[in-house]
Amino acid sequence: MICFNKEEMKKSLESMAKLMIKLKAEEIDKYLAAGDRLAAARAAEELYRMIIQGGYIEGFGLASQLLTHWLNGDIPEDKEFELSSDVVKAIVSDDRQNQYADDLSVGAQLSKNLCNRLDGKRDKDIFKFGPEGYEINTSPYFYAIGGFRLEFSGNLAGKTVNKETGCCEYKLDGLWTMTDKYDWHRDKDTPLFDKEGDDKSCVIIKDEWALIVKEELKKAKDFKVKGSWRGTRSIQCCGKK
C-alpha cells in the first residue's frame, strides 16, 4: 500500500498550479509581443478557466462564479446577477484588512465616510446615504468584485460612548444595498499567490488580457451585480474624520 502525506501532496499540487498559471501568463505575453492577439485571447481564456478551478478549491467560489458568467457571456444586458443576502451581509460586516490590495477594511472605510454625518444623531433617528452611495474597496471579496457602491436606508439603532477613549459606536439598522458592474479596466492588474508578500511567487494577471478576450473571442460580456441585506452594522468613530 502506498501512503501519501496529505499536506505535502497539497503543497505539491499548489506548486504545480502556480507553475501552470505562470507559464500560461508568459505565453500570453509572448503572443502579444508577436502581435497575435487572437492566440493571446485563446491563451487568456485558458488561463481564466484555470483560475476558476483554483478559486473553487481555495475558497474563492464567488470570484470563480462571476468570472465564469463573464467568460460565458450568459447574463443578459437587462438582467442583474443577484447576490444572496448572506453574501452581502458577509461583505458589509467584514472588518478584515485587505491582504490583496492597499485598502482599508470595509468597516474602516465606512467610518471614514460616515462618522461626521453620524455626529449629533440620536437613537432612532432616520439615517441614509445614497442613492449615489459610497465607493467601497472590498477586503476578502477583492478577487470577486473589487470595489462596489454601497447604499443604506434605515435608522440609528443605538449609540454607545466609551468614556476612556471617547470613541462612539453607532448601530445602523436597515437595508444595505450594494451594486457593481463586473467589468475590466485597462492599466489595472490583479496579483495572485502573494499572501506572504513574496514577489517571487506572485503572478500578475493583467486586466488588459480580459479586454483582449472580450474583443477577440466576442463571447465574454460585462454585467451588473446587485444584492441587499437587512440588518445591523456597527460603525466605530474616534475623533473627527
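Reader: Is Y182 buried or exposed, and with what relative accessible area?
Author: This is a predicted model. Buried here means under 20% relative accessible area. Y182 counts as buried, and its relative accessible area is 7%.

Reader: How many aromatic pairs does a search of the whole structure find?
Author: Rings pair if their centres lie within 6.5 Å. Searching the whole structure on that basis gives a total of 6.

Reader: Are the rings of Y182 and W184 stacked or edge-to-face?
Author: Both Y182 and W184 are buried. Their ring centres are 5.9 Å apart. The planes stand at 90 degrees, so the pair is edge-to-face.

Reader: Is the pair of Y182 and F223 stacked or edge-to-face?
Author: The centres of Y182 and F223 are 5.1 Å apart. Planes under 30 degrees apart count as stacked. The angle between the planes of Y182 and F223 is 10 degrees, and the pair is stacked.

Reader: How many residues apart in sequence are the parts that Y182 and F223 tie together?
Author: Y182 sits in strand β4. F223 sits in strand β7. The pair therefore ties together parts whose separation in sequence is 41 residues.

Reader: What is the relative accessible area of F223?
Author: F223 pairs with Y182. F223 is buried, and its relative accessible area is 4%.

Reader: Which residues form one aromatic cluster with Y182 and F223?
Author: Y182 and W184 make an edge-to-face pair. Y182 and F223 make a stacked one. The cluster holds Y182 and F223 together with W184, Y48, W70 and F81.

Reader: How many residues apart in sequence are the parts tied together by C115 and C237?
Author: C115 and C237 are joined by a disulfide, S to S 2.0 Å. C115 lies in helix α5 (residues 106-118), and C237 in strand β7 (residues 223-237). The pair thus links parts with a sequence separation of 122 residues.

Reader: Is the link of C115 and C237 left-handed or right-handed?
Author: Both C115 and C237 are buried. The angle about their S-S bond is -90 degrees, and the link is left-handed.

Reader: Is the disulfide of C167 and C238 left-handed or right-handed?
Author: C167 and C238 are joined at S to S 2.0 Å. The torsion about their S-S bond is about 120 degrees, so the disulfide is right-handed.

Reader: Is C238 buried or partly exposed?
Author: C167, its partner, is buried at a relative accessible area of 14%. For C238 the relative accessible area is 38%, so C238 is partly exposed.

Reader: Which cysteine has the sulfur closest to that of C168?
Author: C168 is buried, with a relative accessible area of 14%. A bond needs sulfur atoms within 2.5 Å. The closest cysteine sulfur is 6.9 Å from that of C168, too far for a bond, and it belongs to C237.

Definitions and conventions: Residues are numbered from 1 along each chain as its sequence is written. This is a predicted model: local features need pLDDT of at least 70, side-chain atom pairs count only at pLDDT 80 or more; totals for chains, interfaces and linings use all residues. Side-chain values use heavy atoms; hydrogens and water are left out. Helices (H or I, at least four residues) and strands (E, at least two) are DSSP runs, numbered from the N terminus. Buried means under 20% relative accessible area, exposed over 50%, partly exposed in between (1.4 Å probe, protein chains only). Rings of Phe, Tyr and Trp (its six-membered ring) pair if their centres lie within 6.5 Å; planes under 30 degrees apart count as stacked, over 60 as edge-to-face and the rest as tilted.
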